Amino acid sequence: MSWLHIAVLLPLISALLIPVLYRFYKRIHLGWFVLPIPFVLFIYFLSYIKPTMSGQYTEQSAAWMPQIGMNFDIYVDGLGLLFSLLITGIGSLVVLYSISYLSEKEQLGNFYCYLLIFMSAMLGVVLSDNLLVLYFFWELTSFSSFLLISFWRHKEKSLYGAMKSMMITVFGGLSLLGGFILLHQATGSWRIREIISQVSDIQSSPFFVLAMVFIILGAMTKSAQFPFYIWLPDAMEAPTPVSAYLHSATMVKAGIYLIARLTPIFAVSQGWIWTVTAFGLVTLFWGSLNATKQQDLKGILAFSTVSQLGMIMSMLGIGAVSYHFEGADSQLYVAAFSAAVFHLINHATFKGALFMITGAVDHATGTRDIKKLGGLMTIMPISFTLSIITSLSMAGVPPFNGFLSKEQFLESMITVTDSGIFNLSSIGLLLPIVAIVGSMFTFVYSFKFISEIFLGEYTPDKLPHKAHEASILMNISPTILATLVIAIGLFPSLVSAPFVEPAAKAIANVDTVHAEFHMWHGFTPAFFATLLIYIIGAVLLLTFNKWVPVLRKLPTAITLNHWYDQTGRYTPYYATQITRTYMTGFIRNNLVIIFFMMIAITFVTLIFVPFSLDFVKVSPVRLYEMISVITIIVAATMIMFARSRLFSIIMLSAVGYSMAIFFIFFNAPDLALTQFVVETISTALFLLCFYHLPNMSRYNETTSYKVGNVLISIGVGTVVTILGLIAYGNRHFESISSFYKEHVYDLAEGKNMVNVILVDFRGMDTLFESSVLGIAGMGIYTLIKLRAKHKNGYERVEKIEQAKK
Amino acid sequence: MEIVLIFVCGFLTSISVYLILSKSLIRIIIGTALLSHAANLFILTMGGLKTGRVPIYEKGVSNYVDPIPQALILTAIVISFAVTAFFLVLAFRSYKELGTDNVERMKGVPQDDDE
């Protein structure tokens with residue numbers, strides 16, 4: 001254990017203590033006690049900036065389950081550090097914000113417990129060097145986010161959203177585990193750094209493509225990429241601090257982290273580059289298009305997050321092209337990595353602030369519906385200013401930080417079409433086009449976000465509460481974030497040297513990365529693309545009311561949510577249908593399955609396994625034995641056709657006594673004796689129940705029913721016969737009974753071999769056989785003596801019998 | 001002789017499977033009783049029916065029939081007797097309680113019919 005381990009586990013440990021504190025001390029809002037935890041961690045992680053900037057990394061290891069290679073290995077490099085700072089930094093702001101957002105009437109103990117578990121899990125994901133531990137924390141984030149989304153458990157929509165996000169992220173998590181196991185199979189190591197150093201083993205292994213598909217699936221579900229984004233808009237039922245934290249800054253970036261972290265393994269593959277880029281761009285386009293038609297503020301932000309995540313993802317895909325070049329050519333594409341990292345930071349700042357502003361508006365007016373909101377500019381001036389800064393940053397307008405990263409994004413999308421590999425020069429031309437179209441819609445919804453809340457007419461009668469400015473406490477966090485938006489926009493070197501360059505270096509295959517971002521590049525293609533985005537975006541804004549209704553009228557049958565819901569509805573339905581086909585509740589049905597399988601498996605085995613028959617030692621047939629055989633056959637057949645119970649009981653005894661006679665013929669006196677006695681007692685028992693038993697009714701067995709039974713019984717009989725013949729015809733070694741025959745007298749002092757075997761050589765069998773008899777006796781006694789004391793006991797049958805008379 | 005007895009075992013099994021598949025509880029119990037006879041006969045046959053002396057030790061004799069299958073069958077007879085007896089009483093009781101011995105009708109919890 002080291003300080004790093006403690007840092008990762010600190011929130012988890014406090015998650016145990018904080019609710020206890022809440023239980024006994026309620027005078028001060030619980031959030032104040034939670035606030036120092038992320039803040040201290042943030043300060044602690046700041047101390048790692050210096051070593052990381054100079055290219056060093058820190059490694060710590062602690063044994064957990066060394067036998068399976070699952071050790072708590074922690075590794076801090078530029079990428080891990082950047083994420084840790086985001087998690088703890090935004091975590092502190094979110095906790096601060098939640099103090100004013102959640103009233104003391106809420107179940108604060110639960111809330112902060114879940115939030116701290118989540119924080120630990122997230123730190124674990126980004127700092128683990130061990131794939132198994134990473135997976136452990138990965139599922140812990142799914143689990144804690146499930147708890148956080150369903151925080152208001154009384155709301156049905158919360159439960160639906162929580163369930164949906166759980167189903168989708170756990171599906172991805174399991175696929176991720178599959179991918180990790182394949183990586184381990186290929187390299188024999190669970191440590192990411194060792195795996196990366198043996199990257200050629202993986203690339204030549206047959207698991208390469210499969211592992212890649214599994215890992216991309218896991219990352220795409222977590223990071224809400226197309227088509228798995230559907231859980232994110234429904235997760236907006238969570239309290240707003242949760243949305244700000246999990247669904248904009250941290251958890252949804254876990255998939256991005258994973259893609260970035262494993263890029264050195266998979267970047268050689270054309271499939272990786274194309275999948276990551278194409279799905280990212282489709283997500284960018286689809287998310288921004290859908291964001292324009294949302295009626296709910298958080299809905300807009302959810303789709304906007306989806307779209308921005310797609311943008312980051314596509315840049316990671318483009319960056320992977322750099323692995324196919326060297327030197328200066330490579331640097332050209334590494335720029336996409338630094339743009340991705342840069343936008344990651346920017347997105348966390350402006351999206352976190354936007355969520356918090358939404359929460360403030362919701363708090364002040366009681367609604368998030370854009371049809372009811374409007375004209376709050378003069379009433380909420382601080383929120384208005386903040387949302388102008390952050391929304392314009394989201395839209396990519398100078399001088400805010402979103403402009404810089406968007407410019408870089410367009411730049412890399414355009415540059416990559418010149419690379420000349422993997423069809424990037426032909427089909428790849430589509431990439432910048434989709435990117436530009438997606439950015440146009442981003443521009444539209446960002447402006448819509450401002451105008452719907454703050455511009456237009458103020459309609460107080462539509463609002464549940466009288467609107468007012470949010471409290472100062474509530475505005476602190478978004479103000480800090482908005483300040484960062486401007487600061488990074490004006491001085492990008494604030495983050496580029498300490499964060500972006502080390503993080504990009506961790507992803508890329510080059511030793512030095514120079515990340516520089518400028519407001520003015522000159523008349524580059526990216527500049528004209530931006531200009532095009534502004535112009536067409538403005539046109540789209542002016543004609544907004546003409547095309548958005550068309551979008552809203554799209555049938556639900558083509559939405560992914562519809563298909564998700566249908567799957568959720570019909571899977572249990574069809575599963576039940578299938579189960580009902582064989583779980584009918586009729587005993588005969590189960591017996592038919594058992595017998596049929598017995599017949600089928602035997603015959604299949606007989607076909608595939610050769611056998612021989614050899615009847616050398618067969619004993620001669622004697623006449624009096626044949627008489628017994630005939631008796632048994634006749635009696636058994638009679639049972640089958642018997643109509644009265646007395647006749648069938650007598651026929652059963654006939655079989656039993658014939659058995660006893662057999663035992664005499666074959667020199668088994670003890671058996672014969674026992675068989676006679678037992679048969680007599682059973683017959684007596686049958687006859688005792690005779691009076692009460694119903695007649696041997698056939699209960700209208702149809703012909704097909706009978707034919708089926710006959711076929712199956714003939715089949716089972718044939719199986720027994722064939723197995724008997726084969727078993728008898730293939731003797732492999734002599735019986736061990738010669739030992740008993742020799743030593744029955746000198747070792748056991750007895751002459752009757754059967755009895756000596758029963759009580760001496762194999763006495764244990766007899767002990768438990770006696771127990772069986774005893775238990776059966778007690779069972780019978782219980783059955784007869786202890787009766788259910790309800791009125792319909794015995795009387796029911798008597799009533800029925802009387803009614804028949 | 002063994003081959004004849006193996007066929008008898010198969011035949012007895014067929015009859016008992018047919019009975020077990022029927023709807024009446026009594027026929028099912030008779031079927032299980034018959035099945036245990038078939039199994040006992042099968043064990044005896046598989047042990048070999050070579051003619052030999054009764055397995056009671058006498059000095060100077062070594063040609064006995066195999067005692068092990070006999071011991072096994074003896075155990076099996078007692079156990080199957082116990083189980084058959086228990087089944088029989090169970091069938092008797094369930095007929096009394098449920099008013100039917102048709103296994104097709106024995107589904108779910110019996111409803112209280114208040115008349």
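Among contacts in chain B (heavy atoms within 4.5 Å) between residues at least 6 apart in sequence, 51% join residues at least 24 apart. The model is predicted, so local features need pLDDT of at least 70 and side-chain atom pairs count only at pLDDT 80 or more, while totals for chains, interfaces and linings use all residues. Residues are numbered from 1 along each chain as its sequence is written, chains are lettered from A in the order in which they are written, and side-chain values use heavy atoms, with hydrogens and water left out.

Chain B holds three helices and zero strands (DSSP runs of H or I, at least four residues, and of E, at least two). With a radius of gyration, taken over C-alpha atoms, of 20 Å, well over the 13 Å that the globule rule (2.2 Å times the number of residues to the power 0.38) gives for 115 residues, chain B is more spread out than a compact globule. Its C-alpha atoms fill a box of roughly 80 × 25 × 15 Å along the principal axes.

Residues 5–21 of chain B are 94% helix, with end C-alpha atoms 24 Å apart. Residues 68–92 of chain B are 100% helix, and there the end C-alpha atoms lie 36 Å apart.
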